[in-house]
Amino acid sequence: MCGIVGYVGTKPAAPILVDGLARLEYRGYDSAGVAVVGSSELKVHKDAGRVRELEASLPKRFGGKLGIGHTRWATHGGPSKDNAHPHASGNERIAVVHNGIFDNAGVLRRQLEEAGVKLRSETDTEVLAHLIEQSDGATLEEKVMAALRRIEGTYGIAVVDLDFPDRIVVARNGSPLILGIGDGEMHVASDAAALIRYTRQVVYLDDGEMATVKADGYRTFTQDASPTTKTAKTVEWSADEYERGLHEHFMMKEIHEQPEAVQRALRGRLDERFHTVHLGGLNMDAREAREIKRVKILGCGSAYYAGQMGAQFIEEVARIPADAEPASEFRYRNPVVERDTLYVAVSQSGETLDTLVAVQELKRKGGRVIGLVNAVGSSIAREVDGGVYLHAGPEVSVASTKALTNMAVAFAMLGIHLGRIRDVSPADGRRLIEGLKRIPEQIQTIVDQEEALGEIAGRLSKHESVFFVGRTRGYPVAREGAQKLKEISYRHAEAYQTSELKHGPLALISPDVPSVAIVPKDELLDRNIGALHEIAARSGPLYVVTHPGVDVPDGAAAVIEVPKNEPELDPILLTIPLQIIAYYAAVALGHDVDKPRNLAKSVTVE
């Protein structure tokens, strides 16, 4: 959440900063601002609203070849021009942008006010600008270090100072920061999306590190000034992958990209000879894998629901007890960490703070942790003992689609890998491998139903509340479908186990409350059909996501058929039409699909 950019070089900084902010807007979009170091003054301009509004209001004379910028998702203080970053010191010679939360901001604000400082915003970030101003260090680096010693909390910061017009000083503690290495210029960003147009050579800062960034290079060091050594890495993704192309929204572009994304995830990993999957990044040999007695999956939001699909698959196929838990809960409950449990952290960005902290706590207690992560080089990817990259490509839309699908595919590969080391037969391994190979083409078949699904979405969008119901393999699908609908259409959507309908939800069924039922053609089909009759008997409109040949009760409002795969893999396909329905429901209601209210991509705060 929130986005940071910085630039120092030979070109005008403001256009580069604004361009970077536009590419980071999916991380926060309630206000934005830039600060540029001019020849004799520090220029700060910010505005409430989107980056395009900032750009439109930018003064014509806003020159300078060094600057920082920020797009905000509000934490301390509401969305407003005053609370927008950058925040300046009292003498207006220092400017700061910040991602994260200062936990002791209240105490520091009172201390500053008692010392006579007039605060101009409600934010936690502003205190840092004043603390840097009050520091008596000889250099900007020393001033920032002294100020950070008084800060408690998480941060990724970038600081400029009119007295040191050749440098940006940055620091990281719990919020990502990347340095981009250009030709005679340097970039700073909280996400590679902001700098990919200018360079693909990047350096990832670790927690506790700082850096001085000048046009001719950078140096990194710890917060006690000890130098550190960094190696530049190449970002795999290209600038074109961050473009919408012919699609109106990133979400629909990313839905259409899913067949290719799944092919990338599978490429080079399927072993036709032994009917298994090669996952070399796990850093775990077969003997170690056989010692695993339990699998615990940690994620947040859609990653958590993908984790539930994964736990179901692993337990069913590999016969290892497995479950999923929100990382945001796990990290706070002092969990028992077992030596023979494999912990799996799953995150699109690899920067989800709750998941990252859960990983760090597990490592501290000696747990074995692997990651299922999309962003190469991200914090979680660097923290874990091994893992599986998702290869979904950049995902810009706040509502996850292709990353979620590739998470589910990655869990299926992990389950096959663990299962074939144990008791899964070659025949079953072959069956599941062949099923994985069919998925890209079957996803395309579903995406080709876009027009019909859009019409169904238009009808569903007229209802204020919608139930999503599913049983066992279908329950995580129902939860993800409800999540997708509520986050972008703002309709109330609630998921329930079909088996639990009699324990409460049936009381709410009426002609005004439709149910989206996940009904795979599997061993529980009769039970699921029985539940549909119970809903229909109470005049509840039924939208049934199912397989061809299923005898759905007469009078269903809509029947959405998806291609049949193997039972264990069916949840991956049953999820796809729910993405398209959520998209078109949001469009029908006139919402900004890619930037839903109050939400942002990559949750890097608690």
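Colleague: Which helix gives the most to the lining of the largest cavity?

Modeller: A cavity is a set of points on a 1 Å grid over the protein atoms alone where a 1.4 Å probe fits but cannot get out, and lining residues have an atom within 4 Å of a point. Here α9 leads, with five residues. At least two lining residues come from each of α9 (302-318), α13 (402-421) and α18 (570-588); helices are DSSP runs of H or I, at least four residues, and strands are runs of E, at least two, numbered from the N terminus. This is a predicted model, where local features need pLDDT of at least 70, side-chain atom pairs count only at pLDDT 80 or more, and totals for chains, interfaces and linings use all residues. Residues are numbered from 1 along each chain as its sequence is written, and side-chain values use heavy atoms, without hydrogens and water.

Colleague: What volume does the largest cavity have, and which residues are closest to its centre?

Modeller: Its volume, the space filled by probe spheres set on grid points joined across faces, edges and corners, is about 100 Å³. Of its 13 lining residues, M309, G310, F313, E568 and P571 are closest to the centre. The lining splits into nine nonpolar, two polar and two charged residues.

Colleague: How does the lining of the second largest cavity divide?

Modeller: That cavity has a volume of about 80 Å³. Of its 14 lining residues, R72, T75, H85, D124 and T125 are closest to the centre. Four are nonpolar (Ala, Val, Leu, Ile, Met, Phe, Trp, Tyr, Cys and Pro), two charged (Asp, Glu, Lys and Arg) and eight polar (the others, Gly among them).

Colleague: Is S461 buried or exposed?

Modeller: Buried means under 20% relative accessible area, with a 1.4 Å probe and protein chains only. S461 counts as buried because its relative accessibility is 5%. You'll find S461 in the loop between α15 (450-460) and β23 (465-470). Leaving out residues up to four places away in sequence, S461 touches R491, A585, A588 and L589, with contact meaning heavy atoms within 4.5 Å.

Technical notes: On a 1 Å grid over the protein atoms alone, a cavity is a set of points where a 1.4 Å probe fits but cannot get out, and a pocket is an open set with protein on both sides within 12 Å along at least five of seven lines; lining residues have an atom within 4 Å of a point. Buried means under 20% relative accessible area, exposed over 50%, partly exposed in between (1.4 Å probe, protein chains only).
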